[in-house]
Amino acid sequence: MNAPLDPTPLDPADGDRAQQLDRAHVFHSWSAQGPFTGLAIAGGSGTTVWDFDGRRYLDFASQLVNVNIGHQHPAVVAAIREQAEILTTIAPATVNLTRGEAAKRIVSHAPDGFNKVFFTNGGADANENAIRMARLHTGRDKVLSTYRSYHGNTGAAIVATGDWRRVPNEFARGHVHFFGPYLYRSEFWAQTPEQESERALTHLRRVIESEGPASIAAIVLETVPGTAGILVPPPGYLAGVRALADQHGILVILDEVMAGFGRTGRWFAFDGYDIRPDLITFAKGVNSGYVPVGGVVIPDAIASDFDERVFPGGLTYSGHPLAMASIVAALDAMENEGIVTHAAQIGAEAIGPALADLASAHPLVGEVRGEGVFWAIELVADRETREPVTAATMGRIKAGLLERGVIPFIQDNRIHVVPPCVVTADEVGQAMAAYDEVLTSIERVEP
């Protein structure tokens with residue numbers, strides 16, 4: 001694991017200038033621009049970042065749940081630097097050694113028969129192109145996905161998304177949504193994980209039948225839905241989806257953009273479930289976001305469709321050498337340093353038990369759930385009714401955690417506990433103490 005470094009010399013005036021330039025010229029995603037304020041981050045290492053005043057923060061958001069290997073891992077930084085000195089960029093139609101090495105490392109973690117990678121700039125266009133491949137392979141049009149999901153902010157990916165961000169962007173055709181399993185807020189009046197799985201599968205079966213199975217190209221699922229709430233699938237659900245898809249000749253696209261490459265304590269999240277996907281999308285953790293990249297892992301049966309037929313898709317920066325070098329170095333470091341195994345262990349031995357203790361101590365906590373370094377604390381105003389806490393309460397929680405030196409990932413009525421895979425037990429303890437203090441302070445005001 002890479003040890004945190006001391007901050008380089010800092011000037012608070014640079015922080016002020018960063019804020020001024022940001023307010024004057026930067027238009028932020030998913031934000032109202034007027035009230036926007038953010039931390040001005042000057043540097044980082046491992047699980048820690050710091051501002052221009054030298055104040056350090058534990059990054060328990062992993063930025064956008066992507067810095068799996070931690071900030072500024074020296075091997076990845078060195079690989080990017082070395083590649084820049086050799087060749088900074090090259091067109092995707094050329095052959096590049098580093099691109100081939102990156103693809104080889106990715107498919108080495110995929111199921112047998114997955115031998116090709118189509119590289120994209122991120123997770124959204126990975127899902128976009130996987131949907132395109134599914135439609136071309138099947139000759140069908142419709143795509144099914146869950147309401148509780150996020151698949152990206154491009155044309156088809158945003159419409160495949162189930163949450164509110166889909167609604168102002170519904171310009172793509174052929175998308176249908178259904179409810180996936182979520183026992184804590186079951187749509188199916190289930191009382192057990194087994195009931196939730198069985199009833200959610202019955203619901204999906206009826207949607208497939210009602211939409212016309214022969215019209216459906218693919219079912220797109222996050223293996224473990226992330227932004228929607230770290231919704232670990234109940235027993236038998238993913239296997240049941242696979243069986244339904246096979247019955248009707250429908251492809252299964254597993255979106256591993258957030259859940260992949262160590263986040264669940266496995267190389268791919270689906271390694272823990274009885275399912276073999278037809279297409280796999282990835283981004284984020286494959287290189288911890290050091291350089292923008294994503295992609296689709298393609299099995300031979302689909303890749304061969306385009307041996308003689310042109311695949312109608314491409315990106316100027318597909319397989320960019322700097323991104324490829326970062327993938328090679330990141331995956332090699334994760335292998336050599338046992339980072340994926342560490343993520344599983346720290347989740348089982350530190351994060352999970354600490355969150356269970358937190359849940360028993362605080363009436364605000366309705367449920368904790370997750371695996372690896374991929375967890376959610378769901379907060380409720382009333383445990384009996386499960387009424388979510390308000391946005392104002394979540395705002396106070398976020399402010400309280402920042403005051404205590406923890407960068408949180410806040411979504412709806414949840415704190416997502418998603419540190420880098422290299423987080424230590426001591427760092428988990430520090431973050432848990434901050435969660436405990438903040439929840440205690442909120443409960444005193446809002447009994």
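These are my notes from looking through a predicted model.

**Ground rules.** In this predicted model, local features need pLDDT of at least 70 and side-chain atom pairs count only at pLDDT 80 or more, while totals for chains, interfaces and linings use all residues. Residues are numbered from 1 along each chain as its sequence is written, and side-chain values use heavy atoms, with hydrogens and water left out.

**Sheet.** I looked up the strands next (helices are DSSP runs of H or I with at least four residues, strands runs of E with at least two, numbered from the N terminus). Four of them form an open sheet in the order β1-β2-β3-β14, with mixed pairing; strands pair if DSSP finds at least two bridges between them. The edges are β1 (41-45) and β14 (406-407), each pairing on one side only. Strands β2 (48-51) and β3 (56-59) run antiparallel, joined by three bridges, and V49 has Y57 as its bridge partner in β3.

**β5 and β6.** I found β5 (142-146) running parallel to β6, with four bridges between them. L144 has V176 as its bridge partner in β6. Are the residues on the two faces of β6 buried or exposed? H175 and H177 on one side, and V176 and F178 on the other, are all buried (under 20% relative accessible area; exposed is over 50%, partly exposed in between; 1.4 Å probe, protein chains only).

**R165.** I found R165 in the loop between α6 (155-160) and β6 (175-178). R165 counts as buried because its relative accessibility is 9%. Skipping residues up to four places away in sequence, R165 touches W30, Y150, I158 and T227 (contact means heavy atoms within 4.5 Å).

**Cores.** A nonpolar core here is a set of buried Ala, Val, Leu, Ile, Met, Phe, Trp, Tyr and Cys residues joined through side-chain atoms within 4.5 Å. The largest has 104 residues, and I106, F119, I219, L379 and Y435 touch the most other members. Apart from it lies another core of 21 residues, including A217 and L279.

**Cavity.** I searched the whole structure and got one cavity of 30 Å³ or more (points on a 1 Å grid over the protein atoms alone where a 1.4 Å probe fits but cannot get out; lining residues have an atom within 4 Å of a point). Grid points are joined across faces, edges and corners, and volume is the space filled by probe spheres set on the points. The largest cavity is about 150 Å³. Of its 15 lining residues, T146, P181, L221, E222 and P225 are the closest to the centre. β7 (216-222) gives the largest share of the lining, three residues.

Notes:
1 Å grid on protein atoms, 1.4 Å probe; cavity = no way out; pocket = protein on both sides within 12 Å on 5 of 7 lines; lining within 4 Å.
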